[in-house]
Amino acid sequence: MRVKTRSMEETVLCGMFTALIAAGAFIKISIPVQPFPMHFTMQFFFVLLSGFLLGKRMGALSVLCYLAIGLSGVPVFAAGGGMAYLIRPTFGFLLGFVFAAFVTGLVSERMRGGSFAALLTAAFCGLLAMYASGMIYFYVISNFVIRMPVTWGIVFVNCFLLTVGGDLLLCVLAALAAARIAPVLRQIR
């Protein structure tokens, strides 16, 4: 049975980004806020790169593989792993990584430009997708599943204001890295 070179390359790159996202969980700064601590990690940087370099479909797939590994019990999330993670209010940000990779890949493909401005725009769109998912999930799980009421004001401060500065920096770094790496990958292909 012959395997197409392109699909083999995609599989390898997808697996590599799954591993990079997992490794990024361990490069973290914990923010001790109540009712649940937040973690600023390097995962988002690799999520953005997966969207830039693998495209919307394979970028999102690499994040889905990461989530499947973590939910199966392998401790690849910033605070462990397992199915119980689904009821952690911060799981919405991990779920948002899927949307971020997809949106980043989609916008960068549509803009068809490898310029820094185009890549940064795509990264910011991915950031918005991740934060929308994370904040809505946090609010819903906190208020309706675990019955630990939070207001939208608390969600906005804890889940956006305290962490967005670092993630904006990661958007810039990912756009810079993608501007350098993408042309090299195109030459190799």
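R57 is exposed, at 55% relative accessible area; exposed here means over 50%, buried under 20%, and partly exposed in between, with a 1.4 Å probe and protein chains only. Before going on, a note on the source: this is a predicted model, where local features need pLDDT of at least 70, side-chain atom pairs count only at pLDDT 80 or more, and totals for chains, interfaces and linings use all residues. Residues are numbered from 1 along each chain as its sequence is written, and side-chain values use heavy atoms, with hydrogens and water left out.

Back to R57. Its side chain forms a salt bridge with E10, with 3.7 Å between the closest N and O atoms. The criterion is a side-chain nitrogen of Lys or Arg within 4 Å of a carboxyl oxygen of Asp or Glu. R57 sits in helix α2, residues 43-71, and E10 in helix α1, residues 5-24, so this pair ties together parts that are 47 residues apart in sequence. Helices here are DSSP runs of H or I, at least four residues, numbered from the N terminus. E10 is partly exposed, at 22%.

How many salt bridges does the structure hold? The count is 2. K56 and E109 also meet in a salt bridge, at 3.1 Å from N to O. K56 is in helix α2 and E109 in helix α3, residues 91-111, so the pair ties together parts that are 53 residues apart in sequence. K56 is partly exposed at 28%, and E109 is partly exposed at 35%.

Next, the aromatics. The whole structure has 12 aromatic pairs, counted when ring centres of Phe, Tyr or Trp (its six-membered ring) lie within 6.5 Å; planes under 30 degrees apart are stacked, over 60 edge-to-face, and the rest tilted. Y139 and F144 have ring centres 6.3 Å apart and planes at 75 degrees, so that pair is edge-to-face. F156 and F160 are stacked, at 5.3 Å between centres and 25 degrees between planes. Both of these phenylalanines lie in helix α5, 4 residues apart, about one turn of the helix. F156 is partly exposed at 39%, and F160 is partly exposed at 21%. There is also one aromatic cluster formed by Y66, F77, Y85, F91 and Y137.

Staying with helix α5, residues 152-161: which of its residues are buried? They are V155, N158 and C159. Viewed down the axis, the buried residues of α5 fall within an arc of 90 degrees, so they line one face of the helix. That arc is taken from the directions from the helix axis to the C-beta atoms.

On the surface, I87, I136, V140, F144, V145 and W152 make up a nonpolar patch, with about 580 Å² of accessible area together. Patch residues have over 30% relative accessible area and no salt bridge; nonpolar side chains (Val, Leu, Ile, Met, Phe, Trp, Tyr) are joined within 5 Å, and like charges within 9 Å. Areas come from the Shrake-Rupley method, and for residues only the protein chains shown count as cover. Helix α4, residues 116-145, gives the most to this patch, with 4 residues. V145, in helix α4, is partly exposed at 45%.

Last, the cysteines. The structure holds 0 disulfides, the cut-off being a pair of cysteine sulfur atoms within 2.5 Å. C125 is in none; its nearest cysteine sulfur belongs to C171, 9.6 Å away, which is too far for a bond. C125 is partly exposed at 28%, whereas C171 is buried at 0%.

Conventions. Accessible areas come from the Shrake-Rupley method with a 1.4 Å probe; for residues, only the protein chains shown count as cover. Helices (H or I, at least four residues) and strands (E, at least two) are DSSP runs, numbered from the N terminus.
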